[in-house]
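Visitor: I would like a close look at one helix in this structure. Please take your time over it, and then show me how other parts of the chain are put together.

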Amino acid sequence: MALAARLWRVVPPRPWLPVGAASGRSRCGPRRLCGSEVVGNGGAFKRSLLLSALSYLGFETYQVISQAALVRAAATVFRVEEILEQADYLYESGETEKLYQLLTQYKESEDAELLWRLARASRDIAQLSGTSEEEKKLLVYEALEYAKRALEKNESSFAAHKWYAICISDVGDYEGIKAKIANAYTIKEHFEKAIELNPKDATSIHLMGIWSYTFAEMPWYQRRMANVLFAAPPSSTYEEALGYFHRAEQVDPNFYSKNLLLLGKTYLKLHNKKLAVFWLMKAKDHPAHTEEDKQVQTEAAQLLTGFSDKS
């Protein structure tokens, strides 16, 4: 009955009109549907009525589906935001294993923000001292895959560029010096893109410092190999590395113990003992929230002890 009522509103009945008696022409005029046309062509009328009904039902179905899709999309966005909040809390708390367990439940996600966090978590698990060499290698390649997918989903994400570059660098440890040098161009490109997209991200700036430091201290035999393999091999200086490390500190002071350590080590390379001691002390006294922080404290203390022994 409800459908019939709706159809009645959509396709109202037309008046039945009599046929002219003598001439056989309709008195209802050339633009109006006459009774003979309705009675004589009932099939066409039924088809018209059916098409109208289907059009109406199709429109209502479209509205229902559209509304349902919007509700599902809103629920998905809310759910992703909730997961990201949990992930960031666990990361800030140093709960590396719990974070990895949380995010791996959503490894098939299409969300770039979730995927780059999963790449970071996979890498962090690989860095733990209790991770075997076999597991570490698997996690390093797994992290690269997540970072690559994150970048594919959102090329405007500075974090996706950053973690893609980090993961490429990690994979290079398993693929030999030639691959590592070849990848250096790609790594630099993505670090620079990350900085361009977010100049206030101290970590991206710090990583460009590491890139510069690495190529500044490249052993002579690797440098020779690079010159043979590449027309213009990557190169840098300790001064360039120092500039990036200081810039990272200006953006976010004391944000990362390793940045403090590398400031001290770079000043050592430049033979500035006074400033080297200053930054190494800051690295040693930096609060240890992660296993890496503890490793930094140990290395800084050893370097400072070396100064004491030479005095």
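**A close look at helix α12**

Guide: Start with helix α12, residues 273–285. This helix has 13 residues. From its first C-alpha to its last it reaches 18 Å, close to the 18 Å expected at 1.5 Å a residue. Keep in mind that the model is predicted.

Now look at which residues of α12 are hidden. A276, W279, L280 and A283 are buried in this helix. They cover an arc of only 105° around the axis, which puts them on the same side of α12. Turn to the other side of α12. There, K274 and D285 are exposed.

The secondary structure of the protein chain comes to 13 helices and 0 strands. Read from the N terminus on, the elements run α-α-α-α-α-α-α-α-α-α-α-α-α. The protein chain has 311 residues, and 35% of them count as buried. Contacts reach along the sequence too. Take those between residues at least 6 apart in sequence: 57% of them join residues at least 24 apart.

Next, compare the faces of helix α4, residues 96–104. Its residues L99, Y100, L102 and L103 are buried. Seen down the axis of α4, these buried residues fall within an arc of 160°, so they line one face of the helix. The face turned away from that buried side carries the exposed residues E97 and Q101.

Helix α4 also meets a partner. This is helix α5, residues 112–127. The axes of α4 and α5 come within 9 Å and cross at roughly 140°. That makes α4 oblique to α5. Their crossing is left-handed. On the α4 side, the residues that meet α5 are T96, E97, L99, Y100, L103 and T104. On the α5 side, they are L114, R117, L118, A121, S122, D124 and I125.

A second pair of helices is worth a look. Helix α7 covers residues 158–197, and helix α9 covers residues 220–229. Their axes come within 11 Å and cross at roughly 65°. That makes α7 roughly perpendicular to α9. The crossing of α7 and α9 is right-handed. From α7, the contact is made by I177, K178 and I181. From α9, it is made by Q222, M225, A226 and L229.

Stay with α7 and find I187, which is found in this helix. I187 is buried, with a relative accessible area of 7%. Set aside residues up to four places away in sequence. I187 then touches A165, I168, S169 and W211.

Finish at N259. This residue lies in helix α11, residues 257–269. N259 is buried, with a relative accessible area of 0%. Leave aside its neighbours within four places in sequence. N259 is then in contact with H206, F245, A248 and E249.

Key. Residues are numbered from 1 along each chain as its sequence is written. This is a predicted model: local features need pLDDT of at least 70, side-chain atom pairs count only at pLDDT 80 or more; totals for chains, interfaces and linings use all residues. Side-chain values use heavy atoms; hydrogens and water are left out. Helices (H or I, at least four residues) and strands (E, at least two) are DSSP runs, numbered from the N terminus. The expected span of a helix is 1.5 Å times one less than its number of residues. Buried means under 20% relative accessible area, exposed over 50%, partly exposed in between (1.4 Å probe, protein chains only). The arc is that of the directions from the helix axis to the C-beta atoms. Axes are lines fitted to C-alpha atoms, for helices over the stretch in contact, and angles run from 0 to 180 degrees between N-to-C directions. Angles under 35 degrees count as roughly parallel, over 145 as roughly antiparallel, 65 to 115 as roughly perpendicular and the rest as oblique. A crossing is left-handed if the near helix is turned anticlockwise from the far one by less than a right angle, and right-handed if clockwise. Contact means heavy atoms within 4.5 Å.
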